[in-house]
Amino acid sequence: MSAAVHRPRWSVGVVLAVLVVLLGGLAAPAASASPSATDAAGERVIVLGVPGLSWSDVSETSVPVLWQLAGDGAVGSLTVRTVRSRTCEVDGWLTLSAGRRAADAPGPCLAPEAVTDGRVGGWDRYLAAARAASYGARPGTLAERLTAAGTCVSADGDAAAIGAADPQGRVVSGECAVELRSVAPLPVGPGRPEALRALNLELSRIVSDPASRGTRLVVAGLADGDGPVRPRAVVLVGAGVERGVLTSPSTRQPGLVQLQDLTATLLVGAGADDAGLTGRPVTVDPDDEPVAERVADRVGFEVRSGTLRSVSPQVTGWLAAGFALWCVAVCLAWWRRPGRAVPTALAAAGVALASVPTATFVANLVPWWHAGAPGLAFNGVLAVVVAAMTAAALLAGRRWRHGALAVVAGVSLVVLGGDVLTGSGLQLASVFGQNPTVGGRFYGVGNTSYAVYGVAVLTVVALVGSWRRPGRRWAVALAAVVLLVATALEGHPSYGADFGGPPGLLLGGLVVLAAAAGLRLTVVRVVTAVVAVGLVTGAVAVLDWLRAPAARTHLGEFVQTVVDGGADEVIGRKLSQNLTNLGSPPLLATAIGVAVLAVLAWRLGRRPDPVGGQVARGTAVLALVGFLVNDSGLVIPAYAALVLLPLLVAAGPDPGPEPRRE
């Protein structure tokens with residue numbers, strides 16, 4: 001009786017400890033920012049927009065002036081994703097104008113219309129398209145805020161006029177502190193070298209013009225044009241700009257900035273307000289690399305991003321198909337041999353499938369993008385990593401029933417946990433991580449990573465909690481510490497920065513801890529845990545929101561969106577993305593395989609061992625909560641099952657008495 005009295009208090013203590021750990025992490029001061037590219041406020045700025053410009057275009061012979069500028073200033077890769085998967089010329093200029101994702105009306109790319117009587121042609125259509133989208137864009141914001149700050153923005157070219165127009169579509173004439181200039185999109189094919197020579201001539205005129213001395217120059221490939229979708233080139237050079245690579249608080253990745261960051265940079269540089277934009281002013285990470293190495297680094301990142309964009313559908317498609325076939329094979333094996341372990345080859349195939357998501361991150365430790373055939377090189381590295389993980393897991397499984405489960409979970413936890421601690425470099429431009437051509441997230445833990453990380457954390461928590469050598473209380477206490485640290489790492493704004501992750505991870509972890517401690521889940525305990533976790537998550541988001549806007553992460557930005565009245569847009573976008581995912585063939589194949597396997601397991605009365613059962617129940621809670629609160633949430637249950645089920649099958653049936661088939 002006394003033990004029963006103390007257990008509920010212990011479980012409430014876990015929730016309070018989570019609160020202390022998560023909130024205590026936010027009390028630390030934000031990391032100091034790199035030198036800002038906008039420190040010398042008031043300088044005149046020229047922005048030359050070159051749709052389609054990539055770093056692979058830049059060489060000492062093709063565009064010698066730009067090559068020299070890249071050596072003198074700061075360079076970066078530019079994410080130009082707006083509303084559509086391909087950013088048209090008009091879309092890029094509209095996004096620069098709004099500081100948020102904006103685009104022309106749906107359909108093929110249209111050329112910019114001529115400015116008539118000082119007003120941009122087609123402006124009403126642009127405004128209607130912005131209202132119809134769900135990104136809260138307001139074209140004309142750049143000009144409006146510069147005017148409010150006592151300055152202005154002018155344009156040279158019909159396309160640039162779109163970026164310089166005010167909310168009514170009017171463009172000022174005369175000299176301004178900010179000048180936007182546009183050139184025609186770079187063509188694909190034989191005409192590209194000639195277009196690059198014309199660009200070089202334009203740059204030569206700008207840098208040799210006495211009126212341009214003392215100004216800052218931004219050369220940006222602010223749209224995809226007709227070329228392949230990939231990060232574009234951006235160079236910032238001029239007064240007060242150090243040599244180095246560009247970055248931004250919105251990406252936290254050296255060498256990578258967003259198109260919206262340029263809007264914030266122009267505003268802050270002129271002393272104007274940048275509140276409410278999705279971009280942040282760019283900063284410079286100084287370096288002394290020769291220009292050739294700088295350009296080679298940017299070309300490598302461009303190749304890596306472009307290659308992953310092309311191979312990702314193949315990897316996810318084959319993985320989903322393989323998993324579905326594996327589920328069918330396991331069902332047949334169970335039906336023919338109830339109560340027996342599946343054949344060794346089938347178990348090994350399942351472990352290999354479960355290893356693929358983590359292996360895609362490990363593969364980025366090898367610079368495969370510098371190979372002559374990067375796609376082939378990536379697939380080769382991926383196959384080697386999967387084979388190594390599978391061999392290690394099967395070897396451990398021979399010595400210990402939970403060996404395969406422990407190996408895959410341990411590797412996944414170390415890889416993903418270590419990655420967010422070191423800046424998310426492995427997840428950036430990876431199959432299941434952050435895609436810089438999409439621009440939804442650049443650091444921290446995304447949905448697929450969260451599913452893999454969550455299964456790994458719950459597995460380690462269950463294994464530690466089942467360790468009986470130190471005694472149940474000490475084992476459960478140690479497991480609780482693992483859960484707290486892993487949750488803090490996943491949800492902390494400076495690391496995982498995942499607003500939707502901690503609730504599911506905490507609730508799933510509490511289910512595992514309760515089973516390990518011998519607690520029964522009552523309605524009161526469940527409601528208490530849900531409320532406590534909700535309060536913790538909300539408090540973390542609010543504390544992040546209270547920081548300076550430039551230091552906020554996705555958590556604080558979500559709170560600001562709610563304050564600005566945009567919660568309905570966010571919810572609508574989440575629902576739309578989840579509905580869209582229902583039609584995704586890989587996710588459908590994975591979901592069907594999981595459903596068939598689960599139904600047959602229930603029909604045959606098959607149960608995992610106690611540890612496997614704890615992980616399975618905790619993962620089910622994690623998957624459900626993750627599905628409800630995340631964008632593209634269907635990804636979470638699908639990939640959580642894809643990782644966990646093969647490892648449970650590899651562990652074999654419960655050694656206890658098998659329930660009798662009806």
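The secondary structure of the protein comprises 21 helices and eleven strands. Helices (H or I, at least four residues) and strands (E, at least two) are DSSP runs, numbered from the N terminus. The model is predicted: local features need pLDDT of at least 70, side-chain atom pairs count only at pLDDT 80 or more, and totals for chains, interfaces and linings use all residues. Residues are numbered from 1 along each chain as its sequence is written, and side-chain values use heavy atoms, with hydrogens and water left out.

Of the 662 residues in the protein, 54% are buried. Buried means under 20% relative accessible area, exposed over 50%, and partly exposed in between (1.4 Å probe, protein chains only). Contact means heavy atoms within 4.5 Å. Among contacts between residues at least 6 apart in sequence, 73% join residues at least 24 apart.

Ala233 counts as buried because its relative accessibility is 1%. Its C-alpha atom is separated by 5.9 Å from that of Leu53, 180 residues apart along the chain. With neighbours within four places in sequence left aside, Ala233 is in contact with Leu53, Ser54, Trp55, Gly76, Val219, Ala220 and Gly221.

Two helix pairs were examined. Axes are lines fitted to C-alpha atoms, for helices over the stretch in contact, and angles run from 0 to 180 degrees between N-to-C directions. The axes of H10 (residues 344-362) and H11 (residues 374-399) come within 8 Å and cross at roughly 130°. H10 is therefore oblique to H11. Angles under 35 degrees count as roughly parallel, over 145 as roughly antiparallel, 65 to 115 as roughly perpendicular and the rest as oblique. Residues making the contact include Ala348 and Val351 of H10 and Phe378 and Leu382 of H11. By class, this contact of H10 with H11 has 13 nonpolar, four polar and no charged residues. Ala, Val, Leu, Ile, Met, Phe, Trp, Tyr, Cys and Pro count as nonpolar, Asp, Glu, Lys and Arg as charged, and the others, Gly among them, as polar.

Helices H5 (residues 141-148) and H8 (residues 259-269) pack at an angle of about 10°, with axes 10 Å apart. H5 is therefore roughly parallel to H8. Leu142, Arg145 and Leu146 of H5 meet Thr263, Leu266 and Leu267 of H8 in the contact. Four nonpolar, one polar and one charged residues make up the contact of H5 with H8.
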